[in-house]
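Open the model in your viewer and keep the selection panel at hand.

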Amino acid sequence: MSRIRIISAADVKALFTLPMAIEAVERAYLQKHTKQGGVWPLVFHEFDPGHADLDIKSGNLDAEGIFGLKLVSWFGANPDKGLPALYGTSLICDLATGTPKALLNAGPVTDLRTGAAGAIGAKYLARKDSRELVMVGCGELSPYLVAATLLALPQLRRVTLVNPHHPEKAMQKLSAVTEKVQALLAASGTVCQATLQAETDVEAAVRQADVILTATQSRAPLIRRQWVKPGTHISCVGADMSGKQEIDEAILADGRVFGDDADQCFSVGECETAAKLGLLPALCAEIGAVIAGEAPGRTDEQEITVFDSTGIALQDLASAAVILRKAEAEGVGLVTEL
């Protein structure tokens, strides 16, 4: 009889930290590059367009001996029913036998691994003397992205929050985002060395930025090419579905562009529009090749670099493998027969 370990959101939060997520996601990118991991076709279905949908991201990690999937469903009317709008669930199976090994609440995993992804782009592509970080979007992911990037680039000294569609929300969210960033860094064994502030003028903030993180639901450019100074790095996280776009396609045409998965970047990522306009024929490389030292990242201090983080199953699988090992070692989670 097979046995499966069920790991709750509370368990994940107790077991998994940002440094663990950064290490896991970086390893996942590297294993994808070395063909030790594979990304399978994305499944997307709309129950009610614009109101309810799901997506399934799946793949295998040979080095971890697992395959699996993450299913995320969004039902926009749920909050009116007292339910979360988003549900995320990951299933991990043994690669040799197909036996289900673990079922995890994917919500907190997604928060941490997405923050880690944006930070890894900055780690490998931003200038080493970067000091100014701008966070575009003040949603649930913003503190994870900020905290992870402060871990990856400890030389950063100021973080500016902006919210393009509702500029006033940056100031409204500043206290909560700051508190969450400090808590995430404390759980990582460090303290926040940067000053966090809010700005209502997106252009003014972007013009000063050395590193920009974007995490919005936008379907039109929020950052114009003329605002972005030479040497800036941008990690784009929000574009994960066809039609989404956060930055001017001219930025991609002028910059060095990298991604997590080339196919996803051009079909559902930030690269989609620029490619359709004939401005971006290909990525410079996937980020795994840069991590492996087999492709150059930034080549001078003046070029603009972009990391298109669409989100791939291997990030979730690598994170889940770490969580599962720790849960098994500490006896955490509910183990039951299938």
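The radius of gyration is taken over C-alpha atoms, and the globule rule is 2.2 Å times the number of residues to the power 0.38. Because a compact globule of 338 residues would come out near 20 Å, the 19 Å of the protein chain agrees with the rule. This is a predicted model, in which local features need pLDDT of at least 70, side-chain atom pairs count only at pLDDT 80 or more, and totals for chains, interfaces and linings use all residues. Residues are numbered from 1 along each chain as its sequence is written, and side-chain values use heavy atoms, with hydrogens and water left out.

Keep the whole protein chain selected. Its C-alpha atoms fill a box of roughly 60 × 45 × 40 Å along the principal axes. Of the 338 residues, 53% count as buried (under 20% relative accessible area, 1.4 Å probe, protein chains only).

Colour by secondary structure next. The protein chain has 11 helices and 18 strands (DSSP runs numbered from the N terminus: helices H or I, at least four residues; strands E, at least two).

Now select the open sheet of eight strands, in the order β10-β9-β8-β11-β13-β17-β15-β16 with parallel pairing (strands pair if DSSP finds at least two bridges between them). Its edge strands are β10 (195-198) and β16 (285-286), each pairing on one side only.

Gly 259 has Glu 286 in β16 as its bridge partner.

Notes
Buried means under 20% relative accessible area, exposed over 50%, partly exposed in between (1.4 Å probe, protein chains only).
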